[in-house]
Structures are given as C-alpha cells and as structure tokens.
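This briefing goes through the structure shown below, topic by topic. It is meant to be read with the sequence at hand.

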Amino acid sequence: MAFTSDLDQITRAAAGDPAAVRGLVNRYSAGVLSLATRMLADRAEAEDVTQETFLRAWKALPGWEPRAKFSTWLHRVALNLCYDRLRKRKESLPGELPDQADTRLAPHDALDQVQRVSAIENAIAALPDRQGAALTLCALQGHSQAEAAEILEISIEALESLLARARRTLRAQLLEGRASA
Amino acid sequence: MTDDRLIELIEAWGADPDAFPEAERAGAKAVLATRLERFAAALAEARALDAAFARIPEILPSAALTEALIASAPRPKVALGGFRLPKFASWAPASGFAALAAGLFMGVMVAPAASAASDTDEAATVLEHALGFDPAAFTEELDE
C-alpha cells in the first residue's frame, strides 16, 4: 500500500492499519536495532531496547505532531533508552573497569576479514557513549548531519567534535595495534 | 578554506568531501583540486577508516523480532460494516440493571422472611418430638 506521506502512514498505523504498522516496522527497526546494538554491544539488550522504543512509538502515534521527523524521534528514544541502560550498568559495577576488547589489528596476512571487522566493532563499542553514538549515526547508518545532530540533541559543530575524537581514537587504537603486531 | 580547517574536516567527516558540511563542501573541493598532495596523508588515513566502516555488516532484525514489534502495535478498530443495533438496544443495559436491582430487592426483603418461616417450622418439629407429641396421631384423632 502506498502512503501519501510519513504523516499519512503514522496516522494509519495509529488506527491499527496492519500495512502501515508493518511498513513502519520494516522501515525503522533495523536502524533502531543497529544503533542499540552498537551502543550496548549486546544483541539481546538491543532487541529489548528496540521493542521498548516501538512500544513508546505506538503509544505516541495517536497524538503525533510532526515537529520532528518520525525517524529522528524514534532514534532519539532508542538512544536515550541505551544511555539509561549504560548508566545502570556503570552504577551496578562501581569502580569496576569494563572489559577491554582486543581492538588491535594484526598484519593483513594474519587476519581474516571476520577478525578485522570484529576488531573494528569492538573498538567502536569501546568508545565513550556519545562518540560511539555519533559515529554510528553518521559513519555507519548514513544519517544526515542535521538529523544526527538532532537525534543527539547537539549542534553540528558539537557533532563534528565528537566525530573527530571518535575517529582519532579509532585510528590510534587500530593502527597502533597494527604497528605493534 | 584554510589548510588547518580542511584537515579538521577530513578528520571528522572522512575522506569524501561530499560528507563535509554543505557550507564548506565547495571550498574544500577547490582546495583539494589544487593541492591534493598537501592532504594526501590525512586523506589516506581517513580513507582507511571509511573502508573499515564499510566492511561492518548491517545489523538486521530477526523475523521473530519483526513479528513481535508488529504484534505490539495498536489493534485495528473493529468496524460494524453498516450494521445498526435496533433502537431498544440503547435501553437494554438499563433494563438489565433494573432487573438486577429488583432481584436484589427481593433477595433482601423476602429471603429473610422465608428463612425465618422455615426456621420456625423446624423448631416446632424439634419441640414436638422432644415432648413426645406425635403430630400424625393427633391428626388421626381429629379425623375420628
């Protein structure tokens, strides 16, 4: 079924139109799940966050006012749920350092593709929360600068600063590993 | 566009100038077109990271998660398809309440009385037996 606009699809979904509901899920669930997985580094927790995000969306739909793009709003909800979980993790393990994932890259010959990807994923997961979120939204999910900044509720200048620090950290970790291997 | 600013852009947004903020894109491209070698090292490092990101597989929801998300959505409102309830239906609930009230009234007012009568009969029978009085024999005597 074709919808005339996002608002049309949202209005129909709010009324329980199965095609509109399925359309919203198909369109946005991968992005939400991906963001949550990168932030939490835990697939089961990321699925819980995705479900909670959509539950909140279904509740919000009947009174939906298009002040922000639905996608932006949805990702912001997911991100805030991730921040909550990360905060609780830190509170429940006071003073305990998180496990340091192996983010070093060995020489090309010694590593297969899976290991290289895994090292990069671990390095991203080890970034500070907001840097990880900024990098995921911009570099992995392809959100526009404006949308990523809106999701993170920061300016584009602040987004640029987060991205620069994230990339600098990744570059140092990944290349340092390669040099020392 | 200064050289330092262009380095900052490459370090934040990657090697592709199309990913730079729109307002600075044209200026950055112009500088790169004239002095590419000046930024070759920064571009190479950024390109390596961009390539690493591109290798990361997309995360897709399982069919089970998709169905769970759909199942958690609002249910469609039930349409009656033009069927109209008869007019009396509007006061049918009221009549139900009236019947319930009448039943409660009868229960409260009549049941204790009936129960009391039943209790009286039973008490009389016990007393008659206790005194050795036989109601059946008494009835026969009256008939004679």
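The model is a predicted one. In it, chain A holds eight helices and zero strands, while chain B holds six helices and zero strands.

- Helix 6 of chain A is built from twelve residues and extends 15 Å from its first C-alpha to its last, close to the 16 Å expected at 1.5 Å a residue.
- Nine of those twelve residues are buried, so helix 6 of chain A is largely enclosed by the rest of the structure.
- The buried residues of helix 6 of chain A include Gln131(A), Gly132(A), Ala133(A), Ala134(A) and Leu135(A). Thr136(A), Leu137(A), Cys138(A) and Ala139(A) in helix 6 of chain A are buried too.

**Helix 2 of chain A against helix 6 of chain A**

- The axes of helix 2 and helix 6 of chain A come within 10 Å and cross at roughly 145 degrees.
- The crossing of helix 2 of chain A with helix 6 of chain A is right-handed.
- From helix 2 of chain A, Leu35(A), Arg38(A) and Met39(A) take part in the contact; from helix 6 of chain A, Asp129(A), Gly132(A), Ala133(A), Thr136(A) and Leu140(A) do.
- Sorted by class, this contact of helix 2 with helix 6 of chain A has four nonpolar, two polar and two charged residues.

**Helix 1 of chain A against helix 2 of chain A**

- Helix 1 (residues 6-14) and helix 2 (residues 18-40) of chain A pack with their axes 7 Å apart, at an angle of about 120 degrees.
- Helix 1 of chain A and helix 2 of chain A are therefore oblique to each other.
- Helix 1 of chain A crosses helix 2 of chain A in a left-handed manner.
- On the helix 1 side, Gln9(A), Arg12(A) and Ala13(A) meet Ala20(A), Val21(A), Gly23(A) and Leu24(A) of helix 2 of chain A.
- The residues of this contact between helix 1 and helix 2 of chain A are four nonpolar, two polar and one charged.

**Helix 4 of chain A**

- Helix 4 (residues 70-92) of chain A has 23 residues, which at 1.5 Å a residue should span 33 Å; its end C-alpha atoms are 33 Å apart, which agrees.
- Which residues of helix 4 of chain A are buried? They are Phe70(A), Leu74(A), His75(A), Val77(A), Ala78(A), Leu79(A), Leu81(A) and Cys82(A).
- The cover over the buried residues of helix 4 of chain A includes helix 1, helix 2, helix 3 (43-60), helix 6 (129-140) and helix 7 (145-152) of chain A.

- Ala41(A) has a positive phi near 55 degrees and is a residue other than glycine.
- Ala41(A) sits in the loop between helix 2 and helix 3 of chain A. Ala41(A) is partly exposed, with 19 other C-beta atoms within 10 Å.
- Glu153(A), also not a glycine, has a positive phi of about 60 degrees.
- The position of Glu153(A) is the loop between helix 7 and helix 8 (156-180) of chain A. Glu153(A) is exposed, with 10 other C-beta atoms within 10 Å.

- Along the sequence, chain A follows the pattern α-α-α-α-α-α-α-α, and chain B runs α-α-α-α-α-α from the N terminus on.
- Of the 181 residues in chain A, 38% are buried; of the 144 residues of chain B, 11% are.
- Among contacts with a separation of 6 or more, residues 24 or more positions apart account for 60% in chain A and 58% in chain B.

**Chain B and its contact with chain A**

- In the contact between the chains, 27 residues of chain B touch 35 residues of chain A.
- Helix 1 (3-13), helix 3 (40-55) and helix 4 (63-71) of chain B each supply at least two residues of the side of chain B that touches chain A.
- That side of chain B has 17 nonpolar, three polar and seven charged residues.
- Thr2(B) is placed in the segment before helix 1 of chain B. Thr2(B) is exposed, with 9 other C-beta atoms within 10 Å.
- Thr2(B) and Gly27(B) are 25 residues apart along the chain, and their C-alpha atoms are separated by 9.3 Å.

Notes. Residues are numbered from 1 along each chain as its sequence is written. Chains are lettered from A and ligands numbered from 1 in the order in which they are written. This is a predicted model: local features need pLDDT of at least 70, side-chain atom pairs count only at pLDDT 80 or more; totals for chains, interfaces and linings use all residues. Helices (H or I, at least four residues) and strands (E, at least two) are DSSP runs, numbered from the N terminus. A residue is buried if 20 or more other C-beta atoms lie within 10 Å of its own, exposed if 12 or fewer, and partly exposed in between; C-beta atoms are placed from the backbone. Two residues are in contact if their C-beta atoms, placed from the backbone, lie within 7 Å. Ala, Val, Leu, Ile, Met, Phe, Trp, Tyr, Cys and Pro count as nonpolar, Asp, Glu, Lys and Arg as charged, and the others, Gly among them, as polar. Axes are lines fitted to C-alpha atoms, for helices over the stretch in contact, and angles run from 0 to 180 degrees between N-to-C directions. Angles under 35 degrees count as roughly parallel, over 145 as roughly antiparallel, 65 to 115 as roughly perpendicular and the rest as oblique. A crossing is left-handed if the near helix is turned anticlockwise from the far one by less than a right angle, and right-handed if clockwise. The expected span of a helix is 1.5 Å times one less than its number of residues.
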